[in-house]
Structures are given as C-alpha cells and as structure tokens.
Amino acid sequence: MQVSVEDINSVKKTLHIEIPEEKVVQELDKAYNKLRKKAKVKGFRPGKVPRSVVVRLFKKDVHADVTSSLIQSSFVDALKETDLKIVGTPNVDPPELEATGPYRYAATVEISPELEDIEYRSLPLKRTNYKVLDEEIEAQLKMLQKNMAQHQKIEEDRPAQKDDFVLIDFQGFRDGQPFAETAKTENYNMKIGGGSIIKDFDDQLIGMRPGDKRDVEVKFPPDYFNKKLADLDISFQVFLHEIRKEVLPEIDDVLAKKAGRYESLDELKKAISDNLEQGYAKRMEQELHEQIYNALISKSDFEVPDTMVDMELKGIIEEAERSFTAQNISMEDIGITRESIAEKYRDTAVQQVKRHLLLGKLIDQEGLTISDDELEEGLKEMADSFNQPLEQIKSYYDQNKDKIQYFKHTLLEKKAIKLIIDNGKIEDVEPQKEEASAEESEPAPVSYTHLRAHETERLIAYAVFCVNR
C-alpha cells in the first residue's frame with residue numbers, strides 16, 4: 001500500500017492512498033466466492049452458480065461492500081504509517097472499484113495543531129478590587145420598589161398622556177383580516193412611551209379617554225425583533241378601559257417581607273450586598289481568565305480544525321435552544337435560526353477552541369494530573385454548586401463512566417489556569433468608574449428572584465449537566 005500526504009494547511013491534510021491490485025483482486029475473489037455459496041439463482045443449485053452469473057447479477061453490491069472494506073482497513077493502516085492524530089470524521093468520496101488494477105482514493109482529514117511550549121510564567125495580570133457601594137444597594141432597592149409598584153385607576157376625567165399607564169384591549173389586522181401575530185389581547189397594562197409594542201403605537205394612544213375606541217395604524221420597521229411583523233403595515237383596534245398611575249411602596253421592612261423570605265430591610269440589603277459581591281467575585285475571576293486567554297492567544301499564532309469549531313458551535317446553538325425553551329419561546333418565533341447563531345458566534349467558537357487547545361498543551365507540558373482526592377473535592381464542589389447530594393453526583397458518573405474523563409479534563413483546565421495565576425505578576429487595581437449613557441442611567445431591574453439569580457443559574461447548570469454530560 002502506498003500513502004502520500006498533501007498539506008492543505010497546517011491542520012488539514014489529504015491522504016492519497018493506493019491499494020495494490022493483488023489486494024483488490026484477493027478481496028473481490030473472497031467476496032464472490034462467499035456469495036456463490038449462498039446465492040439463490042433460478043436454474044442453478046446452491047453453491048453451483050457460475051461466477052460470471054454472480055458478477056452479472058450482484059456486481060454493484062459486491063463492489064460497494066469490497067470498497068467499504070478496503071477503505072476501512074487501509075485508512076487505519078495509513079494513519080499508523082503517517083502517525084496523524086486526526087480529529088473528527090474523515091471526508092472520503094470513494095471512486096468506483098474496478099475489477100482489475102489498483103484502487104486509489106483520497107481522504108481529507110483534520111488534525112490538532114502542533115503547539116510550541118507555552119511561556120506562562122510572570123504573565124502580567126491586573127486584578128480589579130471591586131467593592132459593593134451603598135449607592136449600588138440603593139439603586140437595586142429602587143428598582144425592586146419599582147417592580148413591586150401597584151397601578152391604581154385615575155379618577156380624574158382627563159385624556160391619556162405620555163408616561164401614563166393604561167389598561168387596554170387590542171387586536172391587529174393585516175389587509176382587513178385578523179393577524180395571528182397580533183391576536184386579540186384583553187386587559188393589557190402598558191406604559192405610554194415605554195415602547196412595549198412600538199413607539200408609533202404608544203404615540204397614537206395619547207388623547208384617548210376611558211371608554212374610547214381608536215384605530216391605530218402602525219408600520220413595523222424592517223429590523224423589528226419579531227421577524228414575522230418586520231416591515232408590515234398593521235391596523236390595530238384599541239379599546240381603552242382606564243388610565244392608571246404608578247404607586248410606589250415604601251422601602252421598608254414590609255417591602256422586604258413581600259420581596260421574599262426576608263424579615264427586615266436590613267436582611268434584604270445584606271442579600272443584595274451578598275449577591276453583588278458574588279457577582280463581582282465572578283467578574284474578577286472572568287476578567288483574569290480573559291487576560292490569560294488573550295495573552296496566550298496573542299503569543300501563539302495557529303490554525304484550528306473546522307471540526308472542533310463546528311463542535312463548539314453546536315454546543316453554543318444547543319445552549320441557546322435550551323435557554324429559549326426554558327422561557328417557552330421558540331427561536332423561529334423571533335426570527336432566529338441555527339444558521340444565524342452559527343454565523344454570529346463562529347469567531348467566539350474559534351477563540352474557545354484555541355483556549356481549550358492552549359490549556360490542553362499546558363496540561364501536557366507540565367504533566368498536570370488529577371489525584372483521587374482532587375477528583376473527590378471537584379465532585380463535592382459540583383454537588384454544593386448544584387445544591388444536590390454528593391452521592392447523587394457520584395451515582396451519575398457511576399452510570400456514565402465515559403463522561404468522567406470530560407469532568408477530569410475540566411478540572412485539569414482549572415488547575416492549568418490556577419498555575420498561570422500563581423506564577424503571574426498580579427497588580428491589584430481599583431475599578432474605573434463607569435459613566436452611564438442617558439439610555440443606561442437606570443440600573444437593571446431587580447426583584448427577589450434576581451436576588452437569587454445565582455441559585456437559578458446553578459439549577460439550570462445542573463439540568464444541562466444531566467442532559468448533556
């Protein structure tokens with residue numbers, strides 16, 4: 001057997017493989033002789049069918065089977081001969097097998113890139129010392145207060161105006177016919193100017209009084225988030241029930257008790273502070289990791305296999321689908337496709353693959369291993385993080401032993417990151433003040449569920465863990 005390697009690029013190769021005629025003839029003879037013994041052909045006794053008849057009747061199937069067998073065995077031998085460590089599945093477009101002559105075919109494969117030893121010692125890193133400020137806690141309390149506001153009917157006889165809350169019924173029509181995307185909705189509470197539907201819709205509600213009906217003509221923009229409404233003219237029939245005002249509760253112990261399992265405002269403030277501190281700790285860790293990744297990638301210029309990028313993209317897409325499903329939203333409903341996500345996040349996937357490859361190289365370079373005690377500690381941390389019994393986590397891996405290597409590699413990557421940080425030149429810095437734009441002047445909304453966001457994340461992670469690991 002003859003094998004030659006054609007370089008497409010540093011991680012993509014084409015193997016040109018030639019199987020000698022003797023081997024081809026031998027395999028064909030073996031296949032035909034085996035078939036002759038069991039072939040049932042009218043006019044011939046079993047085992048007495050002439051080869052010429054068998055060839056005439058079964059040539060296509062025999063040649064297909066022999067081709068598959070030849071490729072399978074020769075490809076394995078070719079990998080041993082070339083010492084290529086391939087990733088993913090080879091791409092083979094087999095030519096037809098002839099009865100005489102050698103059989104030649106090409107197989108395109110991808111391999112992991114060859115990386116130089118990683119210089120990780122004395123890496124300059126900046127660690128930001130984030131601190132929870134009183135004004136942050138107050139801002140979160142105000143948003144919680146706003147989320148728990150009540151809307152009371154305005155008794156004054158006046159028309160609706162900007163920033164009023166209104167209770168309406170509405171239904172949208174396209175070309176005079178009811179439209180599924182704007183189905184009849186009753187008792188919809190909205191803020192005029194809030195843009196919950198579209199600004200043009202809001203503006204045309206101004207001046208309505210309770211009991212009024214009005215036709216509202218709206219032209220949705222081409223880039224509207226719901227692609228099924230984008231660039232459409234919709235005529236809404238709107239009925240206004242009442243005009244409302246927002247009544248904010250006092251920020252006190254009563255609000256804290258209504259927000260969740262808090263007995264006092266001080267307890268609620270502490271919960272907010274703890275949540276912010278956890279967020280800052282995670283942010284600091286992520287920033288350090290990002291600095292490490294950027295530094296390592298900037299020092300290593302290498303190509304990555306498309307196969308590994310596609311696998312990473314598949315994980316990103318599946319995670320997006322799970323997130324939408326958890327919110328009872330279909331990606332198609334808002335005009336998002338798997339293809340659009342793949343296009344948008346391909347660069348992200350490439351960077352992620354590079355990170356895994358660089359950390360994998362460092363693991364091999366430094367001979368990092370995971371001891372039984374470290375594995376036990378890792379499983380315990382997972383159990384604590386998911387708020388699940390340790391035995392349940394262990395039971396999962398006992399039933400899915402093929403997955404434990406993935407978990408061990410995750411621990412090894414963490415160990416590699418810690419090695420870099422421990423050997424880095426860390427400069428502690430104060431956070432830079434972030435100036436909010438006019439649109440970002442208000443903090444993100446918070447509620448008692450947001451205060452437990454980290455717990456929700458752990459439960460989601462556990463669900464993902466059970467489904468995919």
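## Salt bridges in overview

The structure holds 33 salt bridges. A salt bridge here is a side-chain nitrogen of Lys or Arg within 4 Å of a carboxyl oxygen of Asp or Glu. This is a predicted model, in which local features need pLDDT of at least 70 and side-chain atom pairs count only at pLDDT 80 or more, while totals for chains, interfaces and linings use all residues. Residues are numbered from 1 along each chain as its sequence is written, and side-chain values use heavy atoms, with hydrogens and water left out.

Helices and strands are DSSP runs, numbered from the N terminus: helices are H or I runs of at least four residues, strands are E runs of at least two.

## The sheet

Four strands matter here. An open sheet is formed by 4 strands in the order S1-S2-S4-S3, with antiparallel pairing. Two strands count as paired if DSSP finds at least two bridges between them. In general, strands of a sheet pair through backbone hydrogen bonds, either parallel or antiparallel. The edges are S1 and strand S3 (86-92), each of which pairs on one side only. On average, neighbouring strands of this sheet are turned by 25° against each other, direction ignored.

Now the pairs. Strand S1 (residues 2-9) runs antiparallel to strand S2 (residues 12-19), over 7 bridges. The two are joined by a hairpin through 2 residues. S2 also pairs with strand S4 (residues 103-111), antiparallel, by 8 bridges. In that pairing, histidine 16 stands opposite alanine 106 of S4. S3 and S4 are antiparallel too, over 4 bridges. There, valine 92 faces alanine 107 in S4 as its opposite.

## Helices on the sheet

Two helices meet this sheet. Helix H2 (residues 51-82) lies across S1, S2, S3 and S4, and runs at about 120° to S2. Helix H7 (residues 306-326) packs on the sheet and touches S2, S3 and S4. The direction of H7 makes about 110° with that of S3. Contact means heavy atoms within 4.5 Å. Axes are lines fitted to C-alpha atoms, for helices over the stretch in contact, and angles run from 0 to 180 degrees between N-to-C directions.

## A salt bridge in the hairpin strands

Aspartate 7 has lysine 13 as its bridge partner in S2. The two residues also form a salt bridge, with the closest N and O atoms 3.0 Å apart. Their surroundings differ in accessibility. Aspartate 7 counts as exposed because its relative accessibility is 56%. Lysine 13 counts as buried, at 11% relative accessibility. Buried means under 20% relative accessible area, exposed means over 50%, and partly exposed lies in between (1.4 Å probe, protein chains only).

Other charged residues form a group. Lys12, Asp306, Asp310 and Arg346 are linked in a network of salt bridges.

Which residue meets lysine 361 in a salt bridge? The partner is aspartate 117, at 3.6 Å from N to O. The pair links distant parts of the chain, 244 residues apart. Aspartate 117 sits in the loop between S4 and strand S5 (124-128), and lysine 361 in helix H9. Aspartate 117 is exposed, with a relative accessible area of 56%. Lysine 361 is partly exposed, at 22%.

Glutamate 290 and arginine 355 make another salt bridge, at 2.5 Å from N to O. This pair also links distant parts of the chain: glutamate 290 is in helix H6 (residues 265-299) and arginine 355 in helix H9, 65 residues apart. Glutamate 290 is partly exposed, with a relative accessible area of 31%. Arginine 355 is buried, at 16%.

## H9 against H12

Helix H9 (residues 346-366) packs with helix H12 (residues 404-422) at an angle of about 80°, their axes 9 Å apart. H9 and H12 are therefore roughly perpendicular to each other. Angles of 65 to 115 degrees count as roughly perpendicular, under 35 as roughly parallel, over 145 as roughly antiparallel, and the rest as oblique.

From H9, the contact uses His356, Leu359, Leu362, Ile363 and Glu366. From H12 come His409, Leu412, Glu413, Ala416, Ile417, Leu419 and Ile420. These residues divide into 8 nonpolar, 2 polar and 2 charged. Here Ala, Val, Leu, Ile, Met, Phe, Trp, Tyr, Cys and Pro count as nonpolar, Asp, Glu, Lys and Arg as charged, and the others, Gly among them, as polar.

## A buried glutamine

Glutamine 145 belongs to helix H3 (residues 134-147). Glutamine 145 counts as buried, at 15% relative accessibility. Leaving aside neighbours within four places in sequence, glutamine 145 is in contact with Leu248, Pro249, Ile251 and Leu255.
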